[in-house]
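Here's a friendly walk through one protein and its ligand. Have a look at the model first, then read on.

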Amino acid sequence: MPDESSRWGFETRAIHAGQQPDSRTGSVIVPIYATSTFLQDGVGGVRDGGHEYSRTTNPTRSALEEALAALEGGRHALAFASGMAASDVALRTLTRPGDHVILGSDAYGGTFRLLDKVLAHWGVGYTSVNLSDVDSVKAAVRPNTKVIWCESPTNPLLGIADIAALAGVAAGAGARLVVDNTFATPYLQSPLGLGADVVLHSTTKYLGGHSDVVGGALITSDDELREQFFFLRNAVGAVPSPFDSWLVLRGAKTLALRMERHSDNAERIVEALTGHPKITKVYYPGLPDHPGHEIAAKQMRRFGGMVSIAVAGGEQAALDVAARTKLFFLAESLGGVESLIEHPGKMTHASTTGSPLQVPGDVLRLSVGIEDGADLVADLLQALG
Ligand code: PLP
């Protein structure tokens, strides 16, 4: 991050970091550099911008990366074609055959599938552990543990891990702590400042913010790791297009405003559903009786826009509620301006069925949007019947 932008507040960084007006045309908005290649001044004569071929670097993507690094308070960011592409590059950089990863017992289903069904064939093992229990994490560390992979809040049960404590465990074990900050976003939580080595994002979610792009990112302050991630991303070509990079950059400008509103609406819904006769449990770290509430209050600015609920009557009752909402669209993904509802057990987390990470059938996950909060509450109440 350049010196000047490190002094700016979050909202200023979101709008200005990496986003100077175009020097040639004065375009206030970073252009979409839809080009695969760049003119060279003689063989090997790469011009000042340093761009050569768009799998390696592209100016629109570079602007996004500068902005993401500034938002997470890291020295480097790399953008990817998806969150999973970023996860794959991170895991294959940080492990070798014979190595071991500690994964949260409530991890995103795709991350679980990557370890369980793909990296397992390359001899990388994993143990899933409840990351909110630091002693269990310590007990799971092996001599060959290279990565502790943490989500906080978790997807979909909104568990909270103490990031600073896990950073201590990782450092003591000679492992790296990777924090998937997709749910919290850099506006609500800064894992690098808490000691994490790498932050991962599915920029598909809150950073993009409008459900119109799929992307991912890795952010780190470690120069060597950045070079290794950059090498593997270029080697396998896991890059976002200039247009997709631009969409994420545009979305990120309003992240702070959106996260405030997502959090307001989520709090309103939590208040309306807590104690409702058709709901047996509300999962939200902002609730004082949530087991991770104190840690969340310490490491997060607010508690975010994701809420999960357990529906009385079990799986069928939950599926019926999901079929009856009107404003909450029944769809996978999260973090857009519109509200979404989904059944993790049958949708986003179906790949965990039969594993220790399986999500209970009565659980529904809500991605609370930025619509009028009263309308959202009314929609859920009518769906609950
Ligand atoms: N991490 C979390 C917490 C997610 O929710 C997701 C997607 O839902 C991913 C990673 C993967 O991101 P993508 O879908 O952009 O590949």
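This is a predicted model: local features need pLDDT of at least 70, side-chain atom pairs count only at pLDDT 80 or more; totals for chains, interfaces and linings use all residues.

Residues are numbered from 1 along each chain as its sequence is written, and side-chain values use heavy atoms, with hydrogens and water left out.

**The ligand site**

Let's start with the ligand. Its surroundings are made up of Ser82, Gly83, Met84, Tyr108, Asn155, Asp180, Thr182, Ser202, Thr204, Lys205, Gly215 and Leu334 (a residue is near if one of its heavy atoms lies within 4 Å). Sorted by class, that shell holds three nonpolar, seven polar and two charged residues; here Ala, Val, Leu, Ile, Met, Phe, Trp, Tyr, Cys and Pro count as nonpolar, Asp, Glu, Lys and Arg as charged, and the others, Gly among them, as polar.

| Residue | Atom in the residue | Distance to a ligand oxygen |
|---|---|---|
| Gly83 | backbone N or O | 2.9 Å |
| Met84 | polar backbone atom | 2.9 Å |
| Lys205 | polar side-chain atom | 2.7 Å |

On its own the ligand has 390 Å² of accessible area, and the protein covers 90% of it (areas come from the Shrake-Rupley method with a 1.4 Å probe).

**Ser152**

Now for a loop. Ser152 sits between strand S4 (145-151) and helix H7 (163-173); helices (H or I, at least four residues) and strands (E, at least two) are DSSP runs, numbered from the N terminus.

**Helix H11**

Helix H11 (residues 255-273) has 19 residues, so at 1.5 Å a residue it should span 27 Å, which agrees with the 26 Å between its end C-alpha atoms (the expected span is 1.5 Å times one less than the number of residues). Its buried residues include Leu255, Arg258, His262 and Leu273. Just after H11, Gly275 takes a positive phi of about 85°.

**Val359**

Finally, Val359 lies in the loop between strands S11 (340-342) and S12 (363-367). Val359 counts as buried at 5% relative accessibility. Among the residues that Val359 touches, leaving out those up to four places away in sequence, are Pro156, Leu157 and Pro344.

How values were computed: A polar contact is a pair of N or O atoms within 3.5 Å; within protein, one must be able to donate a hydrogen and the other to accept it, and residues adjacent in sequence count only if both atoms are side-chain atoms. Buried means under 20% relative accessible area, exposed over 50%, partly exposed in between (1.4 Å probe, protein chains only). Contact means heavy atoms within 4.5 Å.
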